[in-house]
Amino acid sequence: AKTPPIHVLRGLLRHVKSAGEADASAVVLKSSPTRDFILAQFRGSKELTESQDIQRRRKLAFDFLTLKQDLAERERLQKLDTGAEVQLSPKEMSRRAAARAGLQLPDLNPDLEKNT
């Protein structure tokens with residue numbers, strides 16, 4: 001039931017990237033201070049020799065990833081509670097549900113989109 005460190009690293013980087021994309025005023029770069037800090041911490045942990053230090057850092061990274069995932073889920077649920085189903089179209093709600101599951105909705109009839 002242990003999560004490999006590479007999965008934790010990728011998850012953290014994914015959250016940093018999505019946070020940058022969510023901010024419309026920010027310019028999304030491949031390198032950000034937060035991303036650089038996370039990578040430096042993971043790379044620095046390769047040089048550690050004591051098992052307790054390694055486990056402590058892995059636990060800290062995993063706990064932070066879990067926190068970020070829980071906060072993102074909480075934000076999504078709050079949007080639904082405030083009436084996102086009224087503010088968003090059914091098509092957008094379906095697209096978001098599919099995206100949460102890692103899927104992409106197909107274009108069922110692209111001709112309808114062009115005419116409207």
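In helix α2, I found I38, L39 and F42 to be buried. Viewed down the axis of α2, these buried residues fall within an arc of 95°, so they line one face of the helix. I recalled the general rule: an α-helix has 3.6 residues a turn, so residues three or four places apart point the same way. I noted that the model is predicted.

I then looked up the opposite side of α2. The face turned away from the buried side carries P33 and F37, which are exposed.

Next I checked the dimensions of α2. The helix covers residues 33-44, 12 residues in total. Its span from first C-alpha to last is 16 Å, close to the 16 Å expected at 1.5 Å a residue.

I turned to H7, which I located in helix α1, residues 5-22.

Finally, I recorded values for the whole chain. I counted six helices and zero strands, and the order along the sequence reads α-α-α-α-α-α. Of the 116 residues, 12% are buried. The chain exposes about 9,800 Å², of which carbon and sulfur atoms supply 56%. Among contacts between residues at least 6 apart in sequence, I noted that 51% join residues at least 24 apart.

Definitions and conventions: Residues are numbered from 1 along each chain as its sequence is written. This is a predicted model: local features need pLDDT of at least 70, side-chain atom pairs count only at pLDDT 80 or more; totals for chains, interfaces and linings use all residues. Side-chain values use heavy atoms; hydrogens and water are left out. Helices (H or I, at least four residues) and strands (E, at least two) are DSSP runs, numbered from the N terminus. The expected span of a helix is 1.5 Å times one less than its number of residues. Buried means under 20% relative accessible area, exposed over 50%, partly exposed in between (1.4 Å probe, protein chains only). The arc is that of the directions from the helix axis to the C-beta atoms. Contact means heavy atoms within 4.5 Å. Accessible areas come from the Shrake-Rupley method with a 1.4 Å probe; for residues, only the protein chains shown count as cover.
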